[in-house]
Amino acid sequence: MATKPSYSELEKKVKSLEKELAGHHRTEKLMWDKQDHLFKALDSLDAIVYVSDIQTYEILFANRYTEELFGDITGKICWQVLQYNMTGPCPFCKNSELVTLDGKPKDMILWEFQNTVNDRWYAVRDRAIDWYDDNVVHLQIAVDISYRKEAEAALEASEEKFRTVADFTYDWEYWINEQGGLNYISPSCERITGYSAKEFEENSALLLDIIHPDDRSYFGKHLDEELETFKVCHLDFRVITRTGEERWISHYCQPVYSHDKKFLGRRASNRDTSVQKKAEEDLIIQSEMIKHFTNSVSHDLKNPAIAIHGLAKILRRKYGEMSHEKLENFFDQIVKSSEQIVTLSGDINAYISTRESPLNFTTLDLQHIWQAIREEFVPQLRKRKISWIESEKSIPRIRADQNGLLRAYRNLVDNALKYGGSDLSAITMNFKTSATHHVLSVQNNGELVPVEEIDSIFEVFNRRVSESAPAGTGLGLAIVMEVAKHHKGKSWVESGADGKTTFYISIAQNL
């Protein structure tokens with residue numbers, strides 16, 4: 001039989017139990033104090049914080065911020081009170097992703113979503129944690145990022161505006177930052193240079209590499225200096241495109257500042273002015289051609305006009321004293337000078353008309369054109385016993401301006417008759433084709449064109465030198481050249497070793 005403990009032993013045991021119980025109370029109080037501190041800390045957060053059961057979705061804890069938004073939700077089902085009009089767990093719920101297959105917590109999941117109750121955007125941190133009852137639960141902390149989302153949307157809209165304006169500008173735009181790097185370059189760079197914006201961004205040297213060698217040092221100096229100046233700069237330079245084409249660029253650049261006046265680099269605008277430059281060059285060649293044309297006309301009209309004026313004064317003063325023979329000689333000189341003026345005026349009108357009149361392209365039978373020209377010159381051909389020879393090849397019908405073609409042939413035949421000399425015995429009309437053009441030719445077997453005259457023979461008021469030929473106006477072959485240009489072709493002459501001279505006109509086949 002067990003021995004009963006003594007009173008002192010019992011007293012000792014009770015005191016031990018009381019001491020142990022006091023320790024448990026202190027531990028429990030400490031735990032509750034810590035929990036209270038934790039909840040106070042969670043309640044102080046401006047963020048949604050709640051804990052829910054992973055299996056049942058019951059909310060086990062919600063901080064004050066969450067309850068101010070959604071009410072007293074502890075003990076309720078999360079998808080019923082935190083979202084709108086849900087009939088089951090949210091399709092975006094992360095519960096199944098928070099734990100391993102054996103129920104152990106996994107790493108935190110970060111994501112964003114828009115709440116369907118208040119339409120606010122939240123940055124969410126979800127993870128599984130061990131709860132005080134030894135269960136694994138779902139802890140969610142969600143921070144309101146609606147203002148950030150609005151700012152991002154505004155920024156995106158602003159950037160879209162910028163991109164719409166910048167990316168679709170016709171000119172080539174770029175922005176060099178304060179360190180000299182390229183912040184932006186517009187897609188138009190490819191239209192102008194053949195190189196894409198990506199190529200410029202990846203190769204910082206490309207901008208200088210494509211500058212024309214003669215302009216490179218000039219442009220390089222500008223690049224070195226432009227970041228150090230705070231004024232608008234302008235310069236013209238040339239670039240060599242990817243295909244080797246030379247293009248003129250009109251460049252303007254100016255400093256760029258932020259809203260707080262911070263220097264951000266320079267903004268540049270490059271406009272392709274190649275067409276304008278070509279027009280300016282052509283205009284200069286034209287203010288020169290007109291000057292030459294005017295001087296030549298003035299000179300050529302002055303001589304016969306002076307002759308007529310002088311002869312008329314002599315006739316008026318000495319008419320009664322002159323013999324019949326002398327009078328006839330004076331009248332012949334007056335008529336000859338008058339004819340020179342009339343001829344020159346006619347050729348000037350023909351030249352201007354050829355250059356300025358609109359073209360009327362029609363399908364023509366070339367042999368009909370040849371016959372019309374032959375009939376004009378039949379009297380001279382018969383008188384000088386000159387053979388008229390036409391190609392026996394099958395001649396296709398061609399598209400051309402009939403009046404222009406008649407003028408060209410008329411002047412080429414007239415030129416052969418004037419400068420062919422006494423040995424001229426045949427004028428031959430011929431035709432051939434190249435890949436892109438019809439090639440028309442008028443050949444004669446008279447005097448050859450001197451080598452020194454071949455390159456300039458089609459120039460305005462250029463006259464061939466020939467003792468036997470009558471004085472020309474110097475516009476006949478210039479008209480031929482204009483006809484060729486208007487037909488997207490060219491004119492040239494060849495004097496062969498066979499003693500024959502051939503004048504050519506090419507006419508584009510795609511007129």
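Helices and strands are taken here as DSSP runs, numbered from the N terminus. In this predicted model, strand E1 (48–53), helix H3 (78–81), strand E3 (109–114) and strand E5 (136–144) each contribute at least two residues to the lining of the largest cavity.

**The largest cavity**

- The volume of the largest cavity is about 240 Å³, and its lining is made up of 21 residues, with Tyr50, Gln83, Cys90, Phe92 and Gln140 lying nearest its centre.
- Among the elements that take part, E5 gives the most to this lining, with 3 residues.
- Sorted by class, the lining of the largest cavity consists of 14 nonpolar, 5 polar and 2 charged residues.

**Nonpolar cores**

- In soluble globular proteins, nonpolar side chains tend to be buried together.
- The largest nonpolar core here has 40 residues, and those with the most contacts inside it are Leu366, Leu405, Tyr409, Val413, Leu417, Ile427 and Phe503.
- At least two residues of this core come from each of helix H13 (366–383), strand E13 (398–401), helix H14 (402–419), strand E14 (426–433), strand E15 (437–444), helix H15 (476–486) and strand E17 (501–508), and the largest share, 8 residues, comes from H14.
- When residues up to four places away in sequence are not counted, Leu405 touches Leu364, Leu366, Ile398, Ala400, Leu440, Val483 and Ile507.

**Helix H9 and its surroundings**

- Helix H9 spans residues 216–226, and within it Phe219, Gly220, His222 and Glu226 are buried.
- Viewed down the axis of H9, these buried residues fall within an arc of 155°, so they line one face of the helix.
- Ser217, Lys221 and Asp224, on the other side of H9, are exposed.
- The cover over the buried residues of H9 includes strand E6 (172–176), helix H8 (206–209), strand E8 (233–240), strand E9 (246–257) and strand E10 (263–272).
- His222, which lies in H9, counts as buried because its relative accessibility is 10%, and the cut-off for buried is under 20%.
- Leaving aside neighbours within four places in sequence, His222 is in contact with Cys233, Leu235, His251 and Cys253.

- Ile334 is found in helix H12 (residues 324–356) and is buried, with a relative accessible area of 17%.
- Although Ile334 and Ala312 are 22 residues apart along the chain, their C-alpha atoms are separated by 8.1 Å.
- Most residues other than glycine have a negative phi.
- Lys261, by contrast, has a positive phi near 70°; this residue is placed in the loop between E9 and E10, and at 68% relative accessibility Lys261 counts as exposed.
- Lys488 likewise has a positive phi, of about 60°, although it is not a glycine; Lys488 lies in the loop between H15 and strand E16 (491–495), and with a relative accessibility of 54% it counts as exposed, the cut-off for exposed being over 50%.

Key
Residues are numbered from 1 along each chain as its sequence is written. This is a predicted model: local features need pLDDT of at least 70, side-chain atom pairs count only at pLDDT 80 or more; totals for chains, interfaces and linings use all residues. Side-chain values use heavy atoms; hydrogens and water are left out. On a 1 Å grid over the protein atoms alone, a cavity is a set of points where a 1.4 Å probe fits but cannot get out, and a pocket is an open set with protein on both sides within 12 Å along at least five of seven lines; lining residues have an atom within 4 Å of a point. Grid points are joined across faces, edges and corners, and a volume is the space filled by probe spheres set on the points. Helices (H or I, at least four residues) and strands (E, at least two) are DSSP runs, numbered from the N terminus. Ala, Val, Leu, Ile, Met, Phe, Trp, Tyr, Cys and Pro count as nonpolar, Asp, Glu, Lys and Arg as charged, and the others, Gly among them, as polar. A nonpolar core is a set of buried Ala, Val, Leu, Ile, Met, Phe, Trp, Tyr and Cys residues joined through side-chain atoms within 4.5 Å. Buried means under 20% relative accessible area, exposed over 50%, partly exposed in between (1.4 Å probe, protein chains only). Contact means heavy atoms within 4.5 Å. The arc is that of the directions from the helix axis to the C-beta atoms.
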